[in-house]
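Notebook open, viewer running. I want to go through this chain a few residues at a time and jot down what I look up.

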Amino acid sequence: IFAAVVALIAGQVVMVLVMTMTPLHMADHGHGLAAVGLVISGHTFGMFAFSPISGWLAGRFGTPIIIAAGLALSAFSSVLAAVAPPDGGAILFIALFLLGVGWNLSFVAGSALLTEGLDGAERTTLQGATDAMIWSSAAAAALGSGIVVAAASYTALGLLGAALIVLPVAAMLRGRAALRRS
């Protein structure tokens, strides 16, 4: 359960960090509203369009593997956004699309893992508490993203997002090691 909670929170935080500042970053580098809208639309499409496939993949290959794939994609896309050239609208489109897909994979599989084997009352309580942590963390990430960009840069923000993926990976490895010991 701990690994699922950490993966859900980290996936949301990374996605919000990068997504929140991308429109401002693009506008600062001369991209028009149409380009910004296209990038964010691609991101939103990536976030939700593949949910049935993500659920099928989690059922077929197991939730930990799909969470790991989503986290890896989130880290890769954060780095891609960070290194995109200022005029790189196409690269930002790909990065934000992949960020959405990575979030979707980890969120769908993480949600499934979170409630696996729990009865209705336990599931409801745990899901509510986890949602409160996820959305509180997302609000902090949205606020913090502006501070990071102002103090450092959009590149630093993307690299920070990728670095945050270490937390759920460590939690998953810790959980896996605990399962092997028991």
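I started at Arg123 and listed its contacts (heavy atoms within 4.5 Å): setting aside neighbours within four places in sequence, Arg123 touches Thr115 and Leu118. Arg123 belongs to helix α6, residues 120–151; I take helices as DSSP runs of H or I with at least four residues, strands as E runs of at least two, both numbered from the N terminus. Arg123 has 37% relative accessibility, so I put it down as partly exposed. My scale for that: buried is under 20% relative accessible area, exposed is over 50%, and partly exposed is in between, with a 1.4 Å probe and protein chains only. I also checked Arg123 against Gln12: they are 111 residues apart along the chain, and their C-alpha atoms are separated by 20 Å.

A note on ground rules before going further. This is a predicted model, where local features need pLDDT of at least 70 and side-chain atom pairs count only at pLDDT 80 or more, while totals for chains, interfaces and linings use all residues. I number residues from 1 along each chain as its sequence is written, and side-chain values use heavy atoms, with hydrogens and water left out.

Confidence next. pLDDT is the predictor's confidence in each residue, from 0 to 100. The chain averages 95, and 98% of the residues score at least 70. Where is confidence lowest in the chain? I found it in helix α8 (residues 166–181), with a mean of 84, whereas helix α7 (residues 154–164) has the highest, at 98.

Then the overall build. For 182 residues a compact globule would come near 16 Å, and the chain has 17 Å, which agrees. The C-alpha trace spans about 55 × 30 × 30 Å along its principal axes. Of the contacts between residues at least 6 apart in sequence, 83% join residues at least 24 apart. Buried residues make up 44% of the 182.

Asn104 and Ser54 I looked up as a pair. Asn104 is in helix α5, and Ser54 is in helix α3, residues 51–61. Buried or exposed, I asked of Ser54? Ser54 is buried, at a relative accessible area of 1%; Asn104 is buried as well, at 2%. Beyond four places in sequence, Asn104 contacts Gly46, Met47, Phe48, Phe50, Ser51 and Ser54. Asn104 and Ala75 are 29 residues apart along the chain, with 13 Å between their C-alpha atoms.

On to Val13, in helix α1 (residues 2–28). Val13 counts as buried because its relative accessibility is 14%. What does Val13 touch, not counting residues up to four places away in sequence? I get Ser137, Ala138, Ala141 and Leu164. Val13 and Ile165 are 152 residues apart in sequence, yet 9.7 Å apart in space, C-alpha to C-alpha.

Gly88 sits in the loop between α4 (63–83) and α5. I have Gly88 as buried, at 8% relative accessibility. Its C-alpha is 33 Å from that of Ala170, 82 residues away along the chain.

Last, the surface. The chain exposes about 8700 Å², and carbon and sulfur atoms supply 74% of that; areas are by Shrake-Rupley with a 1.4 Å probe, and for residues only the protein chains shown count as cover. I picked out a nonpolar patch of about 270 Å², made by Leu38, Phe93 and Ile94. Patch members have over 30% relative accessible area and no salt bridge; like charges are joined within 9 Å, nonpolar side chains (Val, Leu, Ile, Met, Phe, Trp, Tyr) within 5 Å. A salt bridge puts a side-chain nitrogen of Lys or Arg within 4 Å of a carboxyl oxygen of Asp or Glu. Ile94 lies in helix α5, residues 89–115, and is partly exposed at 43% relative accessibility.

Note on methods. Rg over C-alpha atoms; globule rule 2.2 N^0.38 Å.
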